[in-house]
Structures are given as structure tokens and as C-alpha cells.
Amino acid sequence: AVQGRVLRKKKKSSNVFRLFSHLTEGKSMEAKSSVEEPLDLVRLSLDERIVVKMRGDRELRGTLHAYDQHLNMVLGEVEETVTTVEIEEETLEELIKTQKRQIPMLFVRGDGVILVSPPLRV
């Protein structure tokens, strides 16, 4: 269910404390971590590293601190990668260039979001 707040913020606490509090509230840990609607997948990624693909061939990798139903997000420790394709005039070859930069804290407007994913684990 969507909460009434504009941005959701997950409180930092130990797994033992969270498990204890859910059990005392009469909720099992399974019910709290279940996925019933698409934004539940994003909720499960709070305070975790995620990958966000944006319009304009931009990709963000950072820690998800907060989000809302529009996929507006607050990310921390962000690495932004911008990919550009240029065509060399003489050979007509495509040159793919990437630029990266580090951003300590970033507000992401949800209408530019294409995809949200946990990073691939290799």
C-alpha cells in the first residue's frame, strides 16, 4: 500500500530489531518482505545500491534513500554515466563515448526514469 508521505525513508536498524518488531506487531517477516505491487520491489531496495536507467542515455548507480509513487528518488553516493554516440565524418564510424562523474546526493525526477534494478552481482 502507498503511504501518504511524499517520500518514504527507511529507518536504519538491525535485522534482529526489525524481525523482533514485526513479530511483536503480529506480522511475519514474510508478509513484510512480500511483493504485492510493483513499487514493493523498489521498497525492498531501500538503503541498497541500485541502478537507474534514465532518458538521454544516462545511468545512475547509487544508494536508494527515499522514493515516492512517481519514482522520484533520493540517491546517495551516485555514479552517473552518460553515453554519447558520435559519427566520425571521414569514416562514418560510430564512436561511443562515456563520461562518468561522482555525485554525493542526488534528487531524481521520476518522469525521466526508464528502469530501476539492483546491480548485477558477478
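Two strands count as paired here if DSSP finds at least two bridges between them, and strands themselves are DSSP runs (E, at least two residues), with helices being runs of H or I of at least four, all numbered from the N terminus. With that in hand, welcome to a predicted model in which strand 2 (residues 49-54) and strand 3 run antiparallel, joined by 6 bridges. Local features need pLDDT of at least 70 and side-chain atom pairs count only at pLDDT 80 or more, while totals for chains, interfaces and linings use all residues. Residues are numbered from 1 along each chain as its sequence is written, and side-chain values use heavy atoms, leaving out hydrogens and water.

**Confidence**

- The average pLDDT (the predictor's confidence in each residue, from 0 to 100) is 80 for the protein, and 71% of the residues score at least 70.
- Please take care with residues 8-24, where pLDDT stays under 50; the model has 19 contacts (heavy atoms within 4.5 Å) for them beyond four places in sequence.
- Residues 1-6 also stay under 50, with 8 contacts beyond four places in sequence.

**Strand pairing**

- Strand 3 is joined to strand 4 (residues 73-87) by 8 bridges, and the two run antiparallel.
- Arg 58 of strand 3 stands opposite Met 54, and its bridge partner in strand 4 is Val 82.
- Strand 4 pairs with strand 5 in the antiparallel sense over 14 bridges; here Val 78 stands opposite Ile 103 of strand 5.

**Hairpin turns**

- Between strand 2 and strand 3 the hairpin has 3 residues, and Gly 56 in the turn has a positive phi of about 80°.
- The hairpin of strands 3 and 4 has 5 residues between them, with Leu 71 in the turn at a positive phi of about 65°.
- Strands 4 and 5 form a hairpin with 6 residues between them, and the phi of Leu 92 in the turn is positive, about 55°.

- Strand 3 (residues 58-67) is largely enclosed by the rest of the structure, because 8 of its 10 residues are buried (under 20% relative accessible area, with a 1.4 Å probe and protein chains only).
- Beyond its neighbours within four places in sequence, Leu 60 touches residues including Val 52, Leu 75 and Val 108.

How values were computed:
Buried means under 20% relative accessible area, exposed over 50%, partly exposed in between (1.4 Å probe, protein chains only).
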